[in-house]
Amino acid sequence: MDKVILITGASRGIGAATATLAAQRGYAVCVNYLKNQARAEAIVAQIKTTAGAKAIAVQADVSQEADVLRLFQTVDMELGVISALVNNAGILETQMRVDEMDAARLSRIFASNLTPYFLCAKEAIKRMSNRYGGKGGAIVNVSSAASRLGSAGEYVDYAASKGAIDTLTIGLSREVASECIRVNAVRPAFIYTDIHSDGGEAGRVDRIKSSIPMQRGGTPQEVAQAIMWLLSDEASYATGTFIDLAGGR
Ligand code: NAP
């Protein structure tokens, strides 16, 4: 079976590193992005040149159902039947306490971090499940150690959205386990990406690193390697499980 992977939010950070590694592992790759067309096209060009793999960049706001449908239909037409989904796109908002958060912010966080994981999983299952004539597949949800740690004083809303993703991972894994679909999650933390600027503190990982048992932040490539292992046949008996990538926290 040809291997086809869709990675949401792959124009930068963990998603971009996963797209690059997936191409090296023989996948045809769909790089989804929201706004940054130039960076998404650059990832695709680099994949084609260095891995010689098939790759496309597709703009879609994965919080919007119509965009998600168009995204999956584009993958169907241009790459073939999806065998792997990485639910990765996510956002942070400026650090603040819960007693300062308003309803508009909470809606943005849950609509951007949680709803897309459900919508994309739904479309993937309709193509992977033997219930619909599919040949199986694997889904990895990019959660966060924040789901365990809570992000007090920074973004408890974000942490709560990731807690819901952990629950989705467990429930969905059991729902589709007999349909040849595995569903797992990674829980990174303190990874050097641009998301921390969006939270209002570009240097956050360096501020925190002395309190991490391994005394350093992580790289997007270290997260990508765990994602690719969970998607691979080497993880064939793993479903509903989590890999924590937080330097010991
Ligand atoms: P990042 O560098 O900020 O990249 C986020 C990506 O998501 C970008 O490609 C962005 O696209 C895309 N995106 C955002 N909203 C989208 C939407 N509605 N539709 C489609 N694409 C959307 O983030 P990252 O640090 O790599 O994080 C990736 C995932 O890992 C997130 O789920 C995050 O919560 C999780 N995580 C990160 C860390 C960390 O320390 N970095 C720790 C734990 C968990 P554009 O660039 O086109 O806007």
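How many residues does helix H10 have, and how far does H10 reach from its first C-alpha to its last? Helix H10 covers residues 220-231, so to speak twelve positions in the numbering, and has 12 residues. Its reach is 17 Å, close to the 16 Å expected at 1.5 Å a residue. The model is predicted.

**Helix H10 and its neighbours**

Several residues of H10 are buried, among them Pro220, Val223, Ala224 and Leu231. Ile227 and Met228 are also buried. The buried residues of H10 pack against strands S1 (4-7), S4 (84-87), S5 (137-142), S6 (181-188) and S7 (242-245). They also pack against helix H1 (13-24).

| Pocket | Volume | Lining residues by type |
|---|---|---|
| Largest pocket | about 1100 Å³ | 22 nonpolar, 15 polar, nine charged |
| Second largest pocket | about 520 Å³ | 12 nonpolar, six polar, seven charged |

The largest pocket is lined by 46 residues. Closest to its centre are Ala89, Gly90, Ile91, Leu92 and Ile195. Elements that each supply at least two residues of this lining include H1, strand S2 (28-33) and helix H7 (156-176).

The second largest pocket is lined by 25 residues. Ala138, Arg182, Leu231, Ser232 and Asp233 lie nearest its centre. H10 gives the most to this lining, with three residues. Leu231 is also one of the buried residues of H10.

**Cysteines**

The disulfide count is zero. A disulfide needs two cysteine sulfur atoms within 2.5 Å. For Cys30, the nearest cysteine sulfur is that of Cys120, 10.0 Å away. Cys30 is buried, with a relative accessible area of 0%. Cys120 is buried too, with a relative accessible area of 0%.

Note on methods
Residues numbered from 1 in each chain as written. Predicted model: local features only at pLDDT ≥ 70, side-chain atom pairs only at ≥ 80, totals over all residues. Heavy atoms only, no water. Helix = DSSP H or I, 4+ residues; strand = E, 2+ residues; numbered from the N terminus. Expected span 1.5 Å × (residues − 1). Buried < 20%, exposed > 50% of the residue type's maximum accessible area, 1.4 Å probe, protein only. Contact = heavy atoms within 4.5 Å. 1 Å grid on protein atoms, 1.4 Å probe; cavity = no way out; pocket = protein on both sides within 12 Å on 5 of 7 lines; lining within 4 Å. Points joined across faces, edges and corners; volume = space filled by probe spheres on them. Nonpolar A, V, L, I, M, F, W, Y, C, P; charged D, E, K, R; others polar.
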